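Please read the following account alongside the sequence and the coordinates.

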Amino acid sequence: MIVKNIKKIHIETYGCQMNISDSEIVASILTSNGYTYTEDVLSADIIFVNTCSIRENAEDRVRKRLQYFKSLRKKRPELLIGLLGCMADRTKTALMEEEQLLDLVAGPDSYRHLPQLLEQVGTGRKAIDTILSVDETYADITPVRLDSNGVSAFISIMRGCENYCSYCVVPSTRGQERSRGAASIVRETRDLFDKGYREVTLLGQNVNSYSWKTGDEVITFATLLGRVAAVNPLMRIRFATSHPKDISDELLHTISGTPNLCKAIHLPVQSGSNHMLDLMNRKYTREDYMERISAIRKIIPGCAITTDIIAGFCDETEADHQDTLSLMQWVGYDSAFMFKYSERPQTLAADTMTDNVPEEIKDRRLREIIDLQQQLSLANNKTEVGRIYEILVEGKSKRSDNQYFGRNSQNKVAVFTKTETGPGEYVTVKITGATSATLLGEVV
Ligand code: 5AD
Ligand code: SF4
C-alpha cells in the first residue's frame, strides 16, 4: 500500500562500494513496494541519505548535506528526509531529536522494514529502526542498478565485520560477519550477464573469510570465485576487500588459473611498522605481509597490487612512518587509498589509546605518503608502455567524445580512440603512453 503523499524516492550515497550496493538494495525494496525512484533530488517526496562513519570528515560531509536538505524543506515543508547506513545508530538521537532534521532513520540491517517505516512516516510519525541482525544478507533481493554504466556492477557477498581493527568503526556500525548463500550470488551474476554486464565486483569487509555451508559442503571464497567465474568466461570478476591475514595460496592459485578472475588484488596494509600493526590489532606483521606479497608475485605474475594506508595513528613515531614509506617502496604499489587517522567513537583505539600525533605531523606524513605513491604509480604505469591488454570498454572518455575508456584485468584505466566496438565489449589495446593515473593506448 502506498501511503498518501509519499511516492517518489531519491537516494544519495556516501562511503564505500558496499554502501553503493546497499542503496541498490534499498531502491529494489522500495520500488517493488510501489514507490518510484527518481534521479532528480528536487522532485523526490523523500530523500534518503545513505551515510558513512569511517572518518570524521565523512560524517561532516553528510551533516552539511543534511543542512542543505533542511533549507530545501523551508521552501517545501512536505519534503521528507531519511537517514540510512552507518551513521544511523550513532547519530539518530542528535539528528532526529535535537535538530528536528530527520523523519526516518534505518540502519544497514533494517532496509526490509523500510516500507513499514515509510507508512509510519506517512501518518505523520517519525520512524526509527537501527537494530543489527546476525543473519540478514538481503540474498533474495535483486538490486536495482543505480547510476549504472550497464557494464560493471557490485554484488554484496557478506555483511558485517569481526576483525576489530582498533581504529575501525565498522564492527560497531555493521555488526556481526555473515556470508550470503553461494547459489544466490551465482544467480545474481548470471542475471547480470544476461542483462549485458561484463564485470562484477564481489563485496565484503573481509571477503577471504567468506564461508557458506550447504549440507556437508563448506564453500570457501576460493570455491565461490571459481563458481562465479564459471558463469561465463566473458564475465570479469573482481573482489574487495581482502585481509592480509586470510589471503590463502589456494585463492591465489584459483585467480592465477582462471582467466576471467581479474589480476588485481587490493590488500590494505595500513602501516609498515610492526608496532603500529600490533596497536591496530591487524594480526599480521610487516614480515607476514611481505611474505603474502611475494606469494602473489610468484603465483600471479603481472598482478596489480593496491592498498590502504593510515598516517598518524596513535603513538606513531618518525621511525614507524619511515617503515611505512620503505614498505610502500618495497611493494611498489600500483595505487593506494591514503588517509589521516581519524579517531572514531566506540572503537578500541578511542577507548584505550590516545590520538596523540599532532595534526601538522599527520598532514606532513600523509603528504609524504601521497608523494611517494604518486612516484610509484607513475613508474609502474611507465613500464606498461608497449604492452598489449584486453580492455573492457566502459564508455566515452570524459575528456573527449572521440575516445573511449575501459580497464584491463589489472584494473588500470586506459583511454584510446573510439572504434566500432562499444561499451560492454572487449578490445585489444597497445599502451603508448602513461600518467600516474591513466594509460593511453591505441586499438590493435
Ligand atoms: N581513520 C582513518 N582511516 C581509516 N580507515 C578505517 N578507519 C579509519 C580511521 N579511523 C581506512 C582504512 C580502511 C579504509 C576503508 O579506511 O585504511 O582500510
Ligand atoms: Fe562503508 Fe565503513 Fe563507511 Fe560504513 S563506515 S559506509 S562500511 S566505509
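**From a buried alanine to the domain interface**

Setting aside residues up to four places away in sequence, Ala106 touches Leu83, Leu84, Gly85, Ala88, Tyr111, Leu114, Leu117 and Asp129. The model in which these contacts are found is a predicted one. Ala106 belongs to strand β5, and its relative accessibility of 0% places it among buried residues, because buried means under 20%. Ile11 lies 95 residues from Ala106 in sequence, and the two C-alpha atoms are 13 Å apart in space.

A search of the whole structure finds 6 aromatic pairs. Among them, Tyr111 and Tyr138 form a stacked pair, with 5.9 Å from centre to centre and 15° between the planes. Tyr111 lies in the loop between β5 (104–106) and α4 (114–122), and Tyr138 in the loop between β6 (127–129) and β7 (152–156), so this pair ties together parts that are 27 residues apart in sequence. Both partners are buried: Tyr111 has a relative accessible area of 0%, and Tyr138 has one of 1%.

Phe221 and Phe239 form another aromatic pair, here edge-to-face, with centres 5.2 Å apart and 75° between the planes. Phe221 is in helix α7 (residues 221–229) and Phe239 in strand β13 (residues 236–240); the pair therefore ties together parts that are 18 residues apart in sequence. Phe221 is buried at a relative accessible area of 2%, and Phe239 is buried at 8%. Elsewhere, Tyr167, Phe313 and Tyr341 form one aromatic cluster.

Apart from neighbours within four places in sequence, Leu261 is in contact with Leu225, Ala229, Ile237, Thr254 and Ile255. Arg365 is 104 residues from Leu261 along the chain, and their C-alpha atoms are separated by 35 Å.

Aromatic rings also take part in contacts with charged groups. The charged end of Arg198 sits over the ring of Phe193, at 3.9 Å from the ring centre. In a second case, the ring of Phe339 has the charged end of Arg55 over it, 3.6 Å from its centre.

The domain assignment divides the protein chain into domain 1 (8–129), domain 2 (152–382) and domain 3 (388–443). How far apart do the C-alpha centres of domain 1 and domain 2 lie? The separation of these centres is 29 Å. Across the boundary, 15 residues of domain 1 are in contact with 20 residues of domain 2.

The size of an interface is often expressed as the accessible area lost when the parts come together. For domain 1 and domain 2, about 1700 Å² is buried between them, and 54% of this area is on carbon and sulfur atoms. Met18, Arg55 and Arg90 supply 35% of the area that domain 1 buries against domain 2, more than any other three residues. Charged contacts are present as well, with a count of 5 salt bridges between domain 1 and domain 2. Asp22 forms a salt bridge with Arg174, in which the closest N and O atoms are 3.1 Å apart.

Conventions:
Residues are numbered from 1 along each chain as its sequence is written. Chains are lettered from A and ligands numbered from 1 in the order in which they are written. This is a predicted model: local features need pLDDT of at least 70, side-chain atom pairs count only at pLDDT 80 or more; totals for chains, interfaces and linings use all residues. Side-chain values use heavy atoms; hydrogens and water are left out. Rings of Phe, Tyr and Trp (its six-membered ring) pair if their centres lie within 6.5 Å; planes under 30 degrees apart count as stacked, over 60 as edge-to-face and the rest as tilted. Helices (H or I, at least four residues) and strands (E, at least two) are DSSP runs, numbered from the N terminus. Buried means under 20% relative accessible area, exposed over 50%, partly exposed in between (1.4 Å probe, protein chains only). A charge sits over a ring if NZ of Lys or CZ of Arg is within 6 Å of the ring centre and within 35 degrees of the ring normal. Domain bounds come from an automatic or database domain assignment. Contact means heavy atoms within 4.5 Å. Buried area is the accessible area (1.4 Å probe) that two parts lose on being put together, summed over both. A salt bridge is a side-chain nitrogen of Lys or Arg within 4 Å of a carboxyl oxygen of Asp or Glu.
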